[in-house]
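Here is a walk through one protein chain. Keep the sequence and the 3D view side by side as you read.

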Amino acid sequence: KQYMGALTPPLIHRLSQATDHDVQLIPIFECLTAVSHALGEDFIPYMEPFIVRCIRTTNCVLDEIDKSATQAMSERPRRDMLGAALDALGAVVEALDKKTPQLLQTHDFIPLLARCCQDSNMQVKQSSFALVGDVSGRAMEQLKPYLPQIMPELTQHLVHSAVSVCNNASWAIGEIAVHGGGDIMSPYVDQITAQLITVVRRENLHRSLLQNGCITLGRLGLVCTAKVAVHLEQFYSRWCFIMIYARNDHEKMNAFHGLYALIKANPSVAMKDIPVLLHSLASIPNPPKNLAQLFHEVITALRQQVDAAAWTTMLNGMEPPIRDSLTRNYGLGGEGGQLVNGTGQVTVPSS
């Protein structure tokens, strides 16, 4: 950090000296973005001129885009510069975190962000969608009035040839869902769910697209449970299979909380493919205690609906590491695959 502190003032000075069309703005933005990520809150003293220049550059390029639509120009608008400015604003938002609403009181870039989301350039969309996700977790109230402009763009680009654009659209929707809640998502959830089901059911997509699509479906299931649950049968087995290989982070845990809500709302679907659910749960080496308790309830309910011999046969067909994980984390063990409570005692569910 001591080196970053020494490097930052010269970079800020170079930023102030650059003209609006100086190509060196891009590497300067990129350097300061990296510094902001590294310093976090320690970057705040340098933020004011950085933010002002990011917004100025965004306005400048958008003006050029408007002019190019009606008149011939000697050079194309520098959309790469616009993308770099948006990425830099994302770094500022991450560094400020919960202080972002205070930033937006004096430097409200949300109207510009909404407009950038509608630009045709994929690099601009990629950066815009990422910034939407960053802002939604920190300043939802300021973002909310612009969602009618932003949400259709995010939804439309859940299925697209540009993987990074799709991933950012999916992530941003999940962030808006978690931080905005069901009332905000309700007008959009049916179309989004349909798009995400299309994504997760395709076999040849990039793994990150499949996993992000599943995570977003799970997050939607948390806040719009009834609307998503009616479609659960269309993606349940595929969702569980894909999530076996997802990284075990807080977003995956969040998604499994959503799956629990969906199964609770539409339990008959889980009965149709119990092994894939158990395999998916076993992929979480150390689930949060509350999540383990919730799925202990689910497994208990499923066990009550299955013939004892069939249940034992199903468990015996699983690999030992899977059975071990289920026993350790969800209380599945004992003779014949009975359920074990938190004290290690066998509890026999009534049939």
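This is a predicted model: local features need pLDDT of at least 70, side-chain atom pairs count only at pLDDT 80 or more; totals for chains, interfaces and linings use all residues.

Which residues have the most contacts inside the largest nonpolar core? They are F50, F109, L154, W239, L259, L277 and F295. The core itself has 120 residues. Helix 4, residues 79-96, supplies the largest share of this core, with 11 residues.

The protein has 351 residues, and 52% of them count as buried. Its secondary structure amounts to 21 helices and 2 strands. The C-alpha trace spans about 75 × 50 × 35 Å along its principal axes. Take the contacts with a separation of 6 or more: residues 24 or more positions apart account for 71% of them.

Beyond its neighbours up to four places away in sequence, L277 touches Y236, C240, L259, I263, F295, V298 and L302. Two of these partners, L259 and F295, are also among the residues with the most contacts inside the core.

F295 is the next stop. Setting aside neighbours within four places in sequence, F295 is in contact with F256, L259, Y260, I263, L277, L281 and Y330. Helix 16 (residues 250-265) and helix 19 (residues 289-304) pack with their axes 10 Å apart, at an angle of about 30°. An angle under 35 degrees counts as roughly parallel, so helix 16 is roughly parallel to helix 19. Their crossing is left-handed. Helix 16 brings M253, F256, H257, L259, Y260 and I263 to the contact. Helix 19 answers with N290, L291, L294, F295, E297 and V298.

The axes of helix 6 (residues 110-117) and helix 7 come within 8 Å and cross at roughly 140°. From helix 6, the contact uses I110, L113, C116 and C117. From helix 7, it uses V124, K125, S128, F129, L131, V132 and V135.

K125 lies in helix 7, residues 122-136. Is this lysine buried or exposed? K125 is buried, because its relative accessible area is 3% and the cut-off is under 20%. What does its side chain join? A polar contact of 2.8 Å links the side chains of K125 and E153. Apart from neighbours within four places in sequence, K125 is in contact with C117, Q118, D119, S120, E153, H157 and V165.

Look for it in helix 10, residues 163-180. With a relative accessible area of 9%, E175 is buried too. Its side chain makes a polar contact of 2.9 Å with the side chain of R219. Leaving out residues up to four places away in sequence, E175 touches G133, S136, G180, R219 and E251.

S136, a contact of E175, is 141 residues from L277 in sequence. In space, L277 and S136 are 31 Å apart, C-alpha to C-alpha.

Notes: Residues are numbered from 1 along each chain as its sequence is written. Side-chain values use heavy atoms; hydrogens and water are left out. Contact means heavy atoms within 4.5 Å. A nonpolar core is a set of buried Ala, Val, Leu, Ile, Met, Phe, Trp, Tyr and Cys residues joined through side-chain atoms within 4.5 Å. Buried means under 20% relative accessible area, exposed over 50%, partly exposed in between (1.4 Å probe, protein chains only). Helices (H or I, at least four residues) and strands (E, at least two) are DSSP runs, numbered from the N terminus. A polar contact is a pair of N or O atoms within 3.5 Å; within protein, one must be able to donate a hydrogen and the other to accept it, and residues adjacent in sequence count only if both atoms are side-chain atoms. Axes are lines fitted to C-alpha atoms, for helices over the stretch in contact, and angles run from 0 to 180 degrees between N-to-C directions. Angles under 35 degrees count as roughly parallel, over 145 as roughly antiparallel, 65 to 115 as roughly perpendicular and the rest as oblique. A crossing is left-handed if the near helix is turned anticlockwise from the far one by less than a right angle, and right-handed if clockwise.
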